[in-house]
Amino acid sequence: MGAGWYTPGMSQNIESVLNETRKFPPVPAASLGFARWHIGSEEEYRALHARSIADPEGFWREEAKRLAWFRPFDRVLEWSAPDAKWFVGGKLNACYNCVDRHVQAGFGECEAIIWEGEPVSPRTNHPSSTSRYASEPEIRRLTYRDLLVQTSKAANALKALGVKKGDVVTIYMPMVPELAVAILACARIGAAHSVIFGGFAPTAISERMIDAGSRVIVTADGGYRRGEVVPLLRNVEEALGLLRNHGHVVEHALVLRRVGHEVAAGAMKTGDKRGETVMHWWHDTVDRASDACPCAEMDSEDMLFLLYTSGSTGKPKGILHTTGGYLTFVQMTARLSFNLMPDAGQVFWCSADIGWVTGHSYVLYGILMNRVPTLMYEGAPNFPALPGGGGDRFWSIIARHRVTQFYTAPTAIRTFMKWGDHLPAAHDLSSLKVLGTVGEPINPEAWIWYHEHIGRKRCPIVDTYWQTETGGHIVTPLPGAIATKPGSCTLPMLGVDAVVVNEAGQELGPNQGGLFAIRKPWPGMLRGVYGNRERFVSNYWSRLKDPKTGEPWYFSADGARRDEDGYFWVMGRVDDVIKVSGHLLGTMEVESALVSHPAVAEAAVVGVPHEIKGNAICAFVSLKTHWLKANNRHPDELLRKELTSHVAKEVGALAKPDQIRFADGLPKTRSGKIMRRLLRDVAAGVEKITQDTTTLEDFSVVAKLRENEE
């Protein structure tokens with residue numbers, strides 16, 4: 001095994017690279033019912049990638065021509081690190097590229113969005129609902145012509161509320177079709193959208209609206225999650241109070257009626273004035289608007305959206321993406337990563353909420369531009385809950401809608417593992433052709449389970465690595481070209497010059513852990529942190545430079561290594577490492593070793609202070625209840641010792657956890673990421689959590705972890 005983690009200024013590194021040798025060759029297109037793969041061999045991929053790096057302007061010029069431009073661009077790129085301008089002088093519109101051009105080309109009656117609500121009995125009588133029986137879920141299907149009409153109406157409604165080109169509109173909605181309509185309506189008139197995930201609290205809403213200078217918000221009276229109503233409008237009204245206290249006036253709120261109650265101040269009427277904000281019902285305002293609204297001509301570098309990312313410290317960062325480059329990048333990455341083909345009977349489902357970048361790029365923009373139906377689901381995978389607390393809703397959705405490409409998070413996969421193999425086995429998943437993962441590195445054993453129980457050993461898995469800041473996939477296998485290795489995101493996307501380096505910018509050899517960097521600009525890259533130039537430069541462009549020219553490189557804040565085949569293994573955030581007795585351990589390696597034990601469904605590893613070692617390893621472990629029952633085992637000291645020995649065998653003696661804490665569940669965001677910073681507080685015995693918990697899906701999980709230690 002090679003060196004594990006790059007340690008600045010240190011000579012000794014633990015040899016902790018995962019002993020993962022399994023390799024799965026690309027699957028023939030015909031075996032999955034594809035007419036072809038867009039890229040059909042590793043040789044073809046490597047030739048294209050080499051060309052895209054050697055001649056980026058020629059390569060991206062061809063890709064950009066796949067979009068519809070009102071005015072052709074003059075130049076592909078103007079680059080003065082860290083500032084890029086892509087497709088200079090070009091004029092286009094995002095909504096036009098997702099909707100109008102398909103209608104104009106004669107595809108108006110093709111399905112664009114398939115939506116399923118969480119409740120299993122309808123709560124609304126929407127005219128496009130196909131549900132006829134109380135036991136059926138609520139389903140709506142929107143064609144491209146439907147989207148054209150609805151985005152035009154919503155755009156005119158926003159203009160009537162005073163929204164102008166260049167304004168920022170805040171959107172805080174459940175996963176319903178009107179969320180997609182609101183986003184596209186903003187793009188239609190040239191207003192930037194700032195989507196706030198529906199799990200955020202009032203304080204988070206107010207912080208983001210102040211930072212964006214937003215004076216209009218689109219929301220709903222509520223949404224459904226695990227059978228409960230999420231009080232979205234009540235949260236907005238509380239946020240409006242906070243905003244008034246800060247002297248920030250929100251002029252209008254446009255409110256969709258989704259749940260039919262939870263209106264905090266009683267029955268709302270059109271034009272109700274709450275303090276200084278006028279509230280409008282969607283059905284009174286949008287439905288009555290004209291359906292004629294031309295798309296605004298936007299410069300390629302005009303802002304398309306803001307999306308806020310949060311961390312453990314500091315206020316949220318408004319990541320700024322522009323129009324031409326972002327659209328070019330996501331249409332290409334969606335097409336190639338998932339082998340999207342219009343008119344081929346495909347149905348694409350990304351289970352992410354649109355409040356995250358995955359939803360922006362691979363629920364909406366990337367999929368609609370490729371004219372493949374995109375599926376949206378409102379709720380949770382365990383509603384209705386089955387005995388034992390699990391659920392099979394995702395497998396039911398895939399079977400009923402004949403989903404062909406499925407894209408979800410490793411944390412969700414590990415949860416499905418915990419619930420049991422019998423749940424997916426009870427459903428017909430034969431429609432699936434390509435599986436994807438997103439959000440964090442996937443443990444090899446979770447990868448294998450996904451391959452065997454969801455893909456039925458026939459579907460390629462694209463383990464995609466990217467960030468809010470990158471706009472789309474930057475490292476991922478292409479399903480017809482690249483052999484896959486469980487746990488590796490494999491090779492860079494076309495046009496992405498990715499590398500693993502040390503602090504001096506020197507490229508490292510095989511299996512040497514270092515820092516993940518991108519050396520050249522790519523169209524989907526962020527253009528800034530809104531209103532904060534210093535943060536943009538310091539967070540992304542100050543740490544790594546070309547050792548010859550001094551030009552700054554993009555640093556992802558992730559550590560990685562490349563193996564002997566050139567495959568990338570992303571080891572997680574550089575702050576997700578633990579220094580034990582002078583050695584640095586990547587938490588992902590220890591977690592993967594734990595998950596490879598048949599008793600473990602999920603694991604999270606954090607460091608806690610230790611007077612001798614500097615840090616001790618504390619592992620929070622969620623067990624497979626069906627395995628415990630089948631083997632007459634219990635979460636006891638014997639199992640702790642067995643797991644500790646297992647880690648020592650898989651990784652090394654230095655990686656043995658000092659503590660193993662059994663947990664019913666781990667604290668996660670709604671996007672599926674484990675909140676390790678909260679686990680650090682729990683492990684350290686911090687009495688009061690003071691960190692930002694606005695993205696935490698279920699705070700009771702933290703309370704239960706504390707109870708287990710009392």
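Ile171 has contacts, meaning heavy atoms within 4.5 Å, with residues well beyond its neighbours within four places in sequence. These partners are Leu179, Ala182, Ile183, Cys186, His193, Ser194, Val195, Ile196 and Val218. The model is predicted: local features need pLDDT of at least 70, side-chain atom pairs count only at pLDDT 80 or more, and totals for chains, interfaces and linings use all residues. Residues are numbered from 1 along each chain as its sequence is written, and side-chain values use heavy atoms, with hydrogens and water left out.

**Cores**

Ile171 belongs to the largest nonpolar core, which has 145 residues. Such a core is a set of buried Ala, Val, Leu, Ile, Met, Phe, Trp, Tyr and Cys residues joined through side-chain atoms within 4.5 Å. Buried means under 20% relative accessible area, exposed means over 50%, and partly exposed lies in between (1.4 Å probe, protein chains only). Ile171, Tyr365 and Ile474 touch the most other members. Helix H5 (residues 177-189) supplies the largest share of this core, ten residues. Helices (H or I, at least four residues) and strands (E, at least two) are DSSP runs, numbered from the N terminus. Another core, of 29 residues, lies apart from the largest one. Val347, Phe406, Leu423 and Ile454 are among its members. In soluble globular proteins, nonpolar side chains tend to be buried together.

**H4 against H5**

Helix H5 also packs against helix H4 (residues 144-160). Their axes are 8 Å apart, at an angle of about 65°. Axes are lines fitted to C-alpha atoms, for helices over the stretch in contact, and angles run from 0 to 180 degrees between N-to-C directions. H4 and H5 are therefore roughly perpendicular, a label for angles of 65 to 115 degrees. On the H4 side, the contact includes Leu147, Leu148, Ala154 and Leu158. On the H5 side, Val181, Leu184, Cys186 and Ile189 are among the residues involved.

Arg335 lies in helix H9 (residues 323-338). Arg335 is buried, with a relative accessible area of 7%. Which side chain does the side chain of Arg335 meet in a polar contact? The partner is Glu63, at 3.0 Å. A polar contact is a pair of N or O atoms within 3.5 Å; within protein, one must be able to donate a hydrogen and the other to accept it, and residues adjacent in sequence count only if both atoms are side-chain atoms. Not counting residues up to four places away in sequence, Arg335 touches His38, Glu63, Arg66, Leu340 and Asn370.

Glu63 is one of the buried residues of helix H2 (residues 56-64). Gly58, Phe59, Trp60 and Ala64 are buried there too. Their cover includes helix H1 (42-54), strand S1 (75-80), strand S2 (83-88) and H9.

**Backbone details**

| Site | Feature | Value |
|---|---|---|
| Ala81 and Pro82 | cis peptide bond | omega about 5° |
| Phe383 and Pro384 | cis peptide bond | omega about -5° |
| Arg456 | positive phi, not a glycine | phi about 50° |
| Ala557 | positive phi, not a glycine | phi about 70° |

Pro82 sits in the loop between S1 and S2. Pro384 is in the loop between strand S18 (374-377) and helix H11 (393-401). Arg456 is in the loop between helix H14 (444-454) and strand S21 (461-463). Arg456 is partly exposed, at 34% relative accessible area. Ala557 lies in strand S25 (residues 554-562). Ala557 counts as buried, at 18% relative accessibility.

How values were computed:
Angles under 35 degrees count as roughly parallel, over 145 as roughly antiparallel, 65 to 115 as roughly perpendicular and the rest as oblique.
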